[in-house]
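Please read the points below with the structure open beside you.

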Amino acid sequence: MSGKTFYSTVKYNIINIVFQLAKKYGPIFSFHFGSAKAVVFVGYEANKEALVNAHYSFGDRGPIPIADNFQQNHGVFLSNGEIWKVTRRFMLSILRDLGMGKRPIETRIIEELQFLCEAIQAYNGKPFAKKVLYLAAPNITFGMLFGRRFVYDDPTFQRMITIMDELVINIGTPAAKCYNVFPILKYFVKEPAFVMDRIHQLNEILKVLFKEAKEVKSEASFRTYTEAFVQKEEREIVADEKEKIFTERNLLASAFDLMLGGTETTSTTIQWCILFMMKYPHIQKKAQDEIKSVIGLERPPRWEDQKVLPYCLAVAHEAQRCANIFQFFPHFTPSDVHYKDYFIPKGTLTIPLFSSVLNDETQWETPNQFNPNHFLDADGKFVKKDAFYAFSKGRRVCAGESLARMELFLFITGLLQKFTFTPPPGVSTDDLDINPVAVFTMRPKSYKVCATPRQ
Ligand code: HEM
């Protein structure tokens with residue numbers, strides 16, 4: 001357990017404010033959000049009730065105008081109704097067919113881990129920026145979309161990463177957040193136009209990559225999400241269905257969802273984890289000792305090793321809990337709801353506050369500390385925690401959860417197997433800043449890290 005309090009150092013901590021409000025008004029309360037009313041769910045019990053037990057009542061996606069401008073009720077993240085239902089079902093089944101959470105993707109992740117280790121090794125123990133830790137996860141998603149990986153300095157790869165980065169920053173600026181509440185501000189805020197421009201650029205790149213991928217002949221019925229989607233599109237045209245769902249518009253929108261879901265989230269969590277490992281070297285050492293004694297330093301970790309590496313698995317989960325990259329995601333009531341003693345009208349914005357569950361003191365022994373023991377029993381065995389809401393729960397639960405879990409365990413364990421991570425010379429563990437930067441996600445601030453190969 002770390003001696004330092006995690007959240008005592010986090011300035012402007014909205015969660016603490018919300019907990020104070022919940023103490024005064026109860027775990028479900030409303031406030032005015034621009035001209036609209038929003039209902040907030042605070043803590044484990046309230047969120048479980050809303051997201052799991054009453055998931056149909058609170059299962060629509062709430063509006064995020066800056067992103068709705070380009071998704072226009074397509075894809076999965078930001079859509080509702082029939083298009084969401086059909087596209088989500090299709091996405092989940094294709095990702096499963098492509099091996100999400102199973103051996104084919106495991107093999108791909110382990111291969112990508114070697115490339116990441118080589119990129120880190122090239123710094124020869126000298127400091128490198130956290131950006132390097134961002135490079136591996138996108139290639140897993142890109143493989144599912146385009147059927148290939150990219151070398152890290154490939155200009156198209158770099159351009160896609162840069163665009164995603166610019167989008168994540170610009171969707172989350174204070175001005176963009178104001179625009180989301182008051183869309184009338186569109187004439188005064190630069191972000192909506194900037195975001196649309198980058199989406200346009202990204203779509204042009206995607207179209208070229210889809211075309212290139214189509215030219216590769218393969219025996220399999222489909223090799224990528226894109227191929228499976230286009231086959232569906234062709235069948236829909238033949239069947240002449242009126243409400244077409246498998247359109248190019250929806251392909252671009254759902255590919256964007258996979259890119260955002262599959263790059264920013266996992267990569268940012270890896271960056272957080274390495275920061276925590278530098279900050280709490282005794283925890284890093286304990287994880288490394290476990291790896292050395294159980295699988296050694298040569299054979300890459302496998303997914304089934306999670307059963308014999310409980311401490312590493314706990315570190316990956318605790319990194320996610322403390323990183324808390326999505327504090328909440330807006331939901332919406334699809335119809336009038338009579339819930340407990342409340343009447344919540346159709347179309348009300350509801351905010352399940354994941355952070356309030358991940359920091360709920362009734363569920364976590366030391367919610368404000370980085371403490372892998374949260375996920376271990378007295379015998380050191382891994383325990384699943386129902387209050388682990390990093391991926392949300394219920395109807396809108398993250399569509400890439402099993403992929404993300406596998407990536408995080410394998411990348412984090414594989415990195416700790418090969419390297420010891422320390423702050424650059426002249427920087428102490430106390431100097432390491434674990435306050436987040438709030439963009440669309442909660443990111444760690446810029447940092448540099450040294451990686452020393454383990455013998
Ligand atoms: C550390 C990694 C990840 C975290 C923490 C994460 C977290 C989340 C959260 C909190 C939501 C919103 C749920 C809600 O509205 O209640 C979400 C939705 C989603 N995620 Fe993830 N995610 C991760 C990785 C991924 C990956 C790897 C993919 C796909 C390859 C993905 C695809 C999606 C999609 C498509 C949705 C929209 C689901 C819907 O609205 O029906 N995510 N994720």
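**Notes on a loop and a helix pair**

1. Phenylalanine 391 lies in the loop that runs between helix H14 (354–358) and H15, where helices are DSSP runs of H or I with at least four residues, numbered from the N terminus. The model is predicted, so local features need pLDDT of at least 70 and side-chain atom pairs count only at pLDDT 80 or more, while totals for chains, interfaces and linings use all residues. Residues are numbered from 1 along each chain as its sequence is written, and side-chain values use heavy atoms, with hydrogens and water left out.

2. Phenylalanine 391 is buried, because its relative accessible area is 11%, and buried means under 20% (1.4 Å probe, protein chains only). Among the residues that Phenylalanine 391 touches, not counting those up to four places away in sequence, are Gln320, Cys398 and Ala404; contact here means heavy atoms within 4.5 Å. Glutamine 320 is 71 residues from phenylalanine 391 in sequence, yet their C-alpha atoms are 9.6 Å apart in space.

3. Cysteine 398 is also found in the loop between H14 and H15. Its SG atom, 2.3 Å away, is the single donor from the protein to the iron atom of the ligand, donors being N, O and S atoms within 2.8 Å of the metal (3.2 Å for Na, K and Ca); water is not among the atoms, so sites may look incomplete.

4. Helix H11 (residues 248–279) packs against helix H15 (residues 401–418) at an angle of about 35°, and their axes are 10 Å apart; axes are lines fitted to C-alpha atoms over the stretch in contact, with angles running from 0 to 180 degrees between N-to-C directions. The contact includes Ile270 of H11 and Phe411 of H15.

Methods:
Helix = DSSP H or I, 4+ residues; strand = E, 2+ residues; numbered from the N terminus. Buried < 20%, exposed > 50% of the residue type's maximum accessible area, 1.4 Å probe, protein only.
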